[in-house]
Amino acid sequence: MSEHRDTVVLAYSGGLDTSCILVWLKEQGYSVIAFLANIGQKEDFDAARKKALALGAEKVYIQDVCKEFVEEFIWPAVQANALYEDRYLLGTALARPCIARRLVLIAKERGARYIAHGATGKGNDQVRFELSCYALCPSIKVIAPWRMPEFYQCFPGRRELMEYAQKHGIPVPVTPKAPWSMDENLMHISYEAGILENPKNRAPLDLYTKTCDPTTSSDIPDELEIEFENGVPVKVINTRNGVTHCSALELFVYLNDIAGKHGVGRIDIVENRFVGMKSRGIYETPAGTILYHAHLDIEAFTMDREVRKIKQGLSLKFSELVYNGFWYSPECEFLRHCIARSQQAVAGTVRVSVFKGQVYVLGRESPHSLYNEELVSMDVQGDYEPADATGFININALRLKEYHRLQSKVSTKQDE
């Protein structure tokens with residue numbers, strides 16, 4: 001074993017990789033502090049603490065970050081209608097800067113110069129963790145074993161990692177029935193790798209853990225009234241049974257339960273990783289899917305058309321920045337402020353039905369509605385003169401007429 005070098009704070013999950021990394025770091029001479037974030041995943045945290053201490057961790061921090069995850073990371077994404085490549089609701093990408101912030105706080109508290117993680121050298125998470133840590137603490141140093149030849153050359157496959165675990169008494173359960181990797185938080189769960197790497201293969205029916213099979217889910221829909229203020233949900237009422245939730249965390253957990261019960265939030269996609277390769281990911285994002293549809297509706301109802309066009313462009317860039325790991329960049333901070341400003345009038349209630357894998361908008365109302373029933377009615381003229389539409393059409397047709405007139409001339413000359 002090497003001489004004691006320094007203290008490192010390890011982003012610990014309790015799984016095979018980070019358990020082996022913990023032991024390996026100690027072999028390199030580091031004093032290891034393990035940090036496990038409770039961010040809504042199903043985990044036996046007491047068992048994880050005991051395991052890390054048994055493997056030689058000097059101290060184990062387990063901190064509940066669920067509330068701040070919802071209020072400070074998920075809510076800005078809801079306001080933005082954040083969607084990466086038109087489909088991915090960014091569940092993992094939003095969690096990483098939340099975890100990294102606590103990781104850095106612990107490193108500062110303990111005077112540690114190093115942080116370490118178990119993200120692979122091919123994925124996005126290595127970028128997300130490290131960019132966040134460097135932004136929050138420019139002097140921090142990162143140990144990424146899966147990018148270090150002295151580590152990954154010893155473990156070219158899972159078999160070698162398992163042999164190392166057995167040699168060092170690391171109790172890691174083998175689950176051959178789930179040959180894929182999973183990452184869970186309060187917002188979603190992702191599945192990738194293993195048999196899922198062939199994009200042609202259909203996901204096994206027993207893969208999903210947060211949502212029921214839509215085809216066999218409840219035959220009775222749940223109707224919800226979701227109230228928004230400043231583009232953020234502040235209240236949910238189930239009109240079937242009167243169940244009401246107002247706090248951010250309770251509201252979100254409840255929506256997860258309702259959406260999961262009806263099989264809402266499943267996607268199977270091929271996406272473009274920031275590091276330059278395509279990957280196949282399967283995601284379950286129950287509450288996030290309901291809120292995406294509800295917020296989209298109340299925003300369209302209350303926001304000016306031209307403002308919304310600009311905001312959609314901002315949302316597209318915001319989603320890209322979050323996916324790529326730039327949550328703490330100045331440009332992402334700027335976008336969050338702009339998007340938050342756009343949400344000041346996004347208030348009201350949206351009524352939705354959740355049923356058989358779908359979210360159906362049933363109606364909406366708002367004190368800031370820009371909808372004028374009299375103006376748009378086919379039965380009342382209102383403050384609108386139909387004859388004015390003639391000039392509007394003529395002005396807009398001018399460009400089209402000129403374009404096609406000139407195109408006709410060009411075609412005629414080419415035919416001569």
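Modeller: Let us begin with Lys356, which is found in the loop between β13 and β14. The model is predicted: local features need pLDDT of at least 70 and side-chain atom pairs count only at pLDDT 80 or more, while totals for chains, interfaces and linings use all residues. Residues are numbered from 1 along each chain as its sequence is written, and side-chain values use heavy atoms, with hydrogens and water left out.

Colleague: Is Lys356 called buried, exposed or partly exposed, and why?

Modeller: Buried means under 20% relative accessible area, exposed means over 50%, and partly exposed lies in between, with a 1.4 Å probe and protein chains only. Lys356 has a relative accessible area of 24%, so it is partly exposed.

Colleague: What makes the phi of Lys356 worth noting?

Modeller: The phi of Lys356 is near 50°, a positive value in a residue other than glycine. Most residues other than glycine have a negative phi. Leu90 is another case, with phi near 70°.

Colleague: Where is Leu90, and how do you know whether it is buried or exposed?

Modeller: Leu90 lies in the loop between α3 (66-80) and α4 (91-110). Its relative accessibility is 0%, so Leu90 counts as buried.

Colleague: Which residues is Leu90 in contact with, beyond its neighbours within four places in sequence?

Modeller: Contact means heavy atoms within 4.5 Å. By that criterion, and with those neighbours left aside, Leu90 touches Ala82, Leu83, Tyr84, Ser319, Val322 and Tyr323. Tyr323 is 233 residues away from Leu90 in sequence, yet their C-alpha atoms are 6.6 Å apart.

Colleague: What makes a charge count as sitting over the ring of Tyr323?

Modeller: The criterion is that NZ of Lys or CZ of Arg lies within 6 Å of the ring centre and within 35 degrees of the ring normal. The charged end of Arg128 sits over the ring of Tyr323, 4.8 Å from its centre. Likewise, the charged end of Lys59 is placed over the ring of Tyr61, at 5.2 Å from the centre.

Colleague: How many aromatic pairs does the whole structure contain?

Modeller: The search finds 14 aromatic pairs. The rings of Phe155 and Tyr164, for example, have centres 5.1 Å apart and planes at 80°, so this pair is edge-to-face. Rings of Phe, Tyr and Trp (its six-membered ring) pair if their centres lie within 6.5 Å; planes under 30 degrees apart count as stacked, over 60 as edge-to-face and the rest as tilted. Both partners are buried, Phe155 at 7% relative accessibility and Tyr164 at 10%.

Colleague: Why are β10 and β14 said to stand at the edges?

Modeller: Two strands pair if DSSP finds at least two bridges between them. Five strands form an open, antiparallel sheet in the order β10-β9-β8-β13-β14. β10 (244-245) and β14 (358-365) each have a single partner strand, so one side of each is left without a neighbour in the sheet. α9 packs on this sheet, touching β8, β9, β13 (348-355) and β14.

Colleague: How do you know that β8 and β9 pair?

Modeller: Six bridges join β8 (residues 222-229) to β9 (residues 232-238), and the criterion asks for at least two, so the strands pair. Within this pairing, Ile226 stands opposite Val236 in β9.

Methods:
Helices (H or I, at least four residues) and strands (E, at least two) are DSSP runs, numbered from the N terminus. Axes are lines fitted to C-alpha atoms, for helices over the stretch in contact, and angles run from 0 to 180 degrees between N-to-C directions.
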